[in-house]
Amino acid sequence: MSQAIKAVALIPSVAATNSLQTVRTAASLADAAGGQALAIVAGISSVDGLDQCGPSRIVRMEGLPADADGPVLASGFVEALKASVPELAGCLLLLPYGPVEEEIAGLLAVELGGAALGKCSSINLVADGCQVERPVYGGRATARLHASQGPFVCIARPDLKPGSEPATGSTFEETFTVSPVSTKSDLQKIPFDGPRHPPLEKAKVVVAGGRGMGAAENFAQLEAVAAAIGGVVGCSLPAADAGWYPVSRQIGQSGKFVCPDVYVAVGISGMSQHMAGIAEGSPIFAINNDPDSSIWDVAEIGILDDWRNILPPLIEALNA
Amino acid sequence: MPHIAVIVVPVVDPLLGVRQLAAGADGDLDVDGAKHVLSPYDEAALENALRLRDKSPESTVTALVFGSAVANEALRYVMALKVDAWRWIGLDNAAQWDPHAVARMAADAVERLEQQPSLVLMGPEFGDRDDGLVAPMTARLLGRTYFPMAFAVGQEDGQLVLSRAADDYEERLVTTDAVLATVSTHHSVRLRLPLIKQIMMANRQPVTHEAASTETVPAAVRLTEVEPSNAGRVRGASCRMLEGSASEKAAAFAAIIKEKAST
């Protein structure tokens, strides 16, 4: 007799940075709970390596428009779930980290009457339900939460604590065609005139500026640092709020989440709301002229000086 | 056009470290005595609503302020901004750990308004305990189009126009549908300052809590405990400070980040 499905990874698009991690986590948690994992993937997605992440089944949803929005994708997932998983009450539904995924998680929790557990840094399926940890109070604290009645709807933060490596075996693939949906959308996409910015979420090197940068034009020096080392530029909320750098480049609790190998923080105070957007494993290298700044509590390497003195020779040294 | 409701949920002052807070009931921190303020996102939501009203004087702004006694000061401030109507809706701390329960309360508060708003604005998070699920859930419960992280909210030819920023393009929604939108901050949107006279009037006005909801639904998510965190980092961990002249420090910094970036 086959084991029950205990966890389902829901992959709406290729855009999320941690789709494979999400499927692997679902498989690992299902293993630990003595069940199987299923991955349901929007038909347009072509995520390589899913079958190596441990799901026993992969269901590809077909019949969705290429530009399907959150509600359309959520409806498709609900249909596919109801057709694929006979009993959802004890099941974990796990989505990757991203704005569309966040919307879908909320919609699924409403549609399925599930327990919405948020963007989790730790997830455990236990005998009496599901236990998770997630940041609260603007990243200043961590809450441990418990839900006893599923489905348990969670979003995997990119810094989600990894479980044990899931067992990999043969993976059964199938397709599921969702009902025709209305695709009327009033959404217009208008290209920006300015320079194009590479995505922050997948960057290996991030150079970020904060309130201490003082003016929009000073971000050109951060862009020069980033260009010299193959990085991308982000900013803190105060810098975005001041109009010095685009809101879409804001890192933090309500902005982007980054997990680079190098995070250079220039003129950033290190408030928890900003730190909440940086993976805990990413080393922070800081330049700041405030000896009392909180950034020194979290940085590995620091320069206590005005960035105006440091960035010009830094750019020169990086380009040498 | 348009009647606008703004959901406001004061947060613990961001400048306050949670380590300064004692443990409270049910595993939570004791935040009831802590200073609470409007979040920058709630401020942006209020200002966007007030600007829409400035442009079409027939429209109205209703503030739905959620929170226990800690919300009193923020409520008075919102009242002093001369919103057309306000409601103060009591919120039990323990109930806030379940986004579905909170969304039901928020949706219920909107539905209880005499005149249904064409636009509901709120911050991306509902207070300190939500991490972004309450807004899409509330929109779904209300059957509204959901538009997250709008940096501009306007009106053209009787239609709502909302804009948000992606990496390389702007997404714009032009619609006559009923919308719930969350707002991002923007340098062109700063919450106006109320007149001193209005603040004094607001402070004198009697206010009372309303119950959060007539429907009692047990929360599906319960808190075990809250503990201060530093995004997983150890506060006070030794930060190696580079010394020397600016050029020496820059050269050492460059060598370190080059090495880290290449491994």
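Rings of Phe, Tyr and Trp (its six-membered ring) count as a pair if their centres lie within 6.5 Å. In this predicted model, that rule gives 4 aromatic pairs over all chains. One of them joins A:Tyr97 and A:Phe257. A:Tyr97 has 16% relative accessibility, so it counts as buried. A:Phe257 is also buried, at 4%.

A further pair is found in chain B, between B:Phe66 and B:Phe126. The centres are 5.1 Å apart and the planes stand at 65°, so this pair is edge-to-face. B:Phe66 belongs to strand β4 (residues 60-66) of chain B. B:Phe126 lies in the loop between β6 (119-122) and α4 (134-142) of chain B. The pair therefore ties together parts that are 60 residues apart in sequence. Both B:Phe66 and B:Phe126 are buried. Another ring in chain B has a charged neighbour: B:Arg164 lies over the face of B:Phe147, 4.3 Å from the ring centre.

The cysteines were examined next. The count of disulfides over all chains is 0. For A:Cys130, the nearest cysteine sulfur is that of A:Cys154, 4.6 Å away. A disulfide needs sulfur atoms within 2.5 Å, so A:Cys130 is in none. A:Cys130 is buried, with a relative accessible area of 0%. The sulfur of A:Cys259 is 16 Å from the closest cysteine sulfur, in A:Cys53, which is too far for a bond. A:Cys259 is partly exposed, at 30% relative accessible area.

Notes:
Residues are numbered from 1 along each chain as its sequence is written. Chains are lettered from A and ligands numbered from 1 in the order in which they are written. This is a predicted model: local features need pLDDT of at least 70, side-chain atom pairs count only at pLDDT 80 or more; totals for chains, interfaces and linings use all residues. Side-chain values use heavy atoms; hydrogens and water are left out. Rings of Phe, Tyr and Trp (its six-membered ring) pair if their centres lie within 6.5 Å; planes under 30 degrees apart count as stacked, over 60 as edge-to-face and the rest as tilted. Buried means under 20% relative accessible area, exposed over 50%, partly exposed in between (1.4 Å probe, protein chains only). Helices (H or I, at least four residues) and strands (E, at least two) are DSSP runs, numbered from the N terminus. A charge sits over a ring if NZ of Lys or CZ of Arg is within 6 Å of the ring centre and within 35 degrees of the ring normal.
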